[in-house]
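Please look at the sequence and the structure shown below. The paragraphs that follow lead through them step by step.

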Amino acid sequence: MQIDEQTFKNAMAQLAAGVTIVTTLHDGTRFGLTATSTTSVSIEPPQVLVSVATRLDSHRAIAESGVFAVNILGAEQLEEAKVFAGMRQEIEDRFEPFEHYTAATGSPILANVLVWLDCEVSHAYDGEDHTIYVGRIVDGEVKRPGQPLLYYGRRWGRVATLPPSRVQLIEGSVLTLSDATVEQRVKWVEDLAEAGVNRFRAPAFSDMMDRQQAMLDALPLIEGIDYALAVDDVAAIDAAAEFGATIVEIAPSAPDQVGLAAQAKALGMRVNGQIIPSPNSSLEDLKNKMDRLLEAQVDEITVSDLGGSITPAWLRRYLSVLTSWAGPSPIILQLDDRFGLGLANVQTALEEDVRAFVTTVGGLANRPALEDSAYLMNQSGVVTGIEIGEVCGIARQMSYALQRQMPGRLHKQM
Ligand SMILES: Cc1cc2nc3c(=O)[nH]c(=O)nc-3n(C[C@H](O)[C@H](O)[C@H](O)COP(=O)(O)O)c2cc1C
């Protein structure tokens, strides 16, 4: 039995594939085609294959030159993919719009790709209307971290990682509320801990200590609850240790991050380092910031939005890169909701496998609301351990006690 062409195409449309551009140079002319048939073949020696239609000029060019290069495209390189698939009829020279250079074999390499592999044809197998060219890799480079471009179901796409099964929602405002009494703050912390919140953060910089001390004195140390205190100098670290903090967050402005981190570790606390991206942070700026934190041997990294510069597009572009640099140190996201992108950012970050978020009850301090975030996660099957109804009740009590409307949505409805 044989299946018809349409069924075959429908079947293969279900196979998600990374998109590459296969190039060659023959008789001084550059050739290139978009190809999803690129596959790895062997490790020793390193070889890849690509299946090329016999009707294409590129087919003859590879056969006669005996060389080809594989360019693996990033998710932003849709235009390259279309041009090299012949979808831009008006373009005569496919290479002309894009920066490119020449690999050792002479095959063209596109400058902005994720990866390039320069190959010499080691085998060519007859595949009827295609030829399977196996190439032995003679040179190559992973040029930059980033998300690959995908082709699936006749559409272009990018990776959406399955959301993590469990996420931690950290509370980041109750301890900071300057218009609540110490007793009120302590009571809300106790109630939130009952409702499943297991980590609270608060600034405890030296110059705030006289204001914060009364609250720290009154806060109960509860089994299984972490207090993360933001610190900026040695005195603040000592105070945090004395209080019983399990985590300190070293302020990015602190002068000696390496020394402070070592001091905190010596006192038995975990160390959190922060990266605050600005709207125009380049990849290089982020890398420098990350390197400084890794040098300080932080245990976890908070990417913190001050001012609403993080968007879903930013997260898609940079999170996987930051995660790959961070290695085993988990990334915590502290988002800003001032432009209404809070939950969209939370959703995008879930798809990028972020497992911890700093949120606030009722959405105080421009953060996504803890209960709204928990609801979103709950609806996608992500476990947070948060009793959503309880937190909504606490948010309503806070709104009443503080005499102010809070921006969160769910607590007004439930
Ligand atoms: C997503 C995608 C994947 C493709 N994969 C292959 C492939 O693996 N092998 C191939 O021969 N052609 C493949 N093509 C088609 C070639 O890119 C296309 O036929 C060629 O660039 C057209 O060149 P032409 O306009 O000179 O005929 C693919 C096209 C697209 C859009």
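Predicted model: local features only at pLDDT ≥ 70, side-chain atom pairs only at ≥ 80, totals over all residues.

L150 has G157, a residue of strand β12, as its bridge partner. Strand β11, which covers residues 150–152, pairs with β12 in the antiparallel sense over three bridges. Both strands belong to an open sheet of three strands, arranged in the order β1-β11-β12 with antiparallel pairing. At the edges of this sheet lie β1 (17–18) and β12 (155–157), each of which pairs on one side only.

The view may now be widened to the whole protein. Its secondary structure comes to 13 helices and 20 strands. The protein is divided into domain 1, residues 5–157, and domain 2, residues 168–413. Between the C-alpha centres of domain 1 and domain 2 there is a distance of 44 Å, while the C-alpha trace of the protein spans about 80 × 50 × 40 Å along its principal axes. Of the 414 residues in the protein, 40% are buried. Among contacts between residues at least 6 apart in sequence, 68% join residues that are at least 24 apart.

Which residues of helix α2 are buried? In this helix, which runs over residues 57–65, they are S58, A61 and I62. These residues lie on the same side of α2, because they cover an arc of only 95° around the axis. The buried residues of α2 pack against several strands, namely β2 (20–26), β3 (29–35), β5 (47–53), β6 (67–72), β9 (115–127) and β10 (130–142). After α2 comes G66, whose phi is positive, near 75°.

In soluble globular proteins, nonpolar side chains tend to be buried together. In this model, the largest nonpolar core has 74 residues, and L229, A240, V248, F357 and V391 are those with the most contacts inside it. Helix α12, residues 388–402, gives the most to this core, with six residues. A second, separate core has 30 residues, including A35, I62, V67 and Y133. I62 is also one of the buried residues of helix α2.

What is L229 in contact with, leaving aside its neighbours within four places in sequence? The contacts of L229 are A202, A204, A240, A245, V248 and E249. Of these, A240 and V248 are, like L229, among the residues with the most contacts inside the largest nonpolar core.

Note on methods
Residues numbered from 1 in each chain as written. Core = buried A, V, L, I, M, F, W, Y, C linked by C-beta atoms within 7 Å. Buried ≥ 20, exposed ≤ 12 C-beta atoms within 10 Å, placed from the backbone. Helix = DSSP H or I, 4+ residues; strand = E, 2+ residues; numbered from the N terminus. Contact = placed C-beta atoms within 7 Å. Pairing = 2+ DSSP bridges. Arc of directions from axis to C-beta. Domains from an automatic or database assignment.
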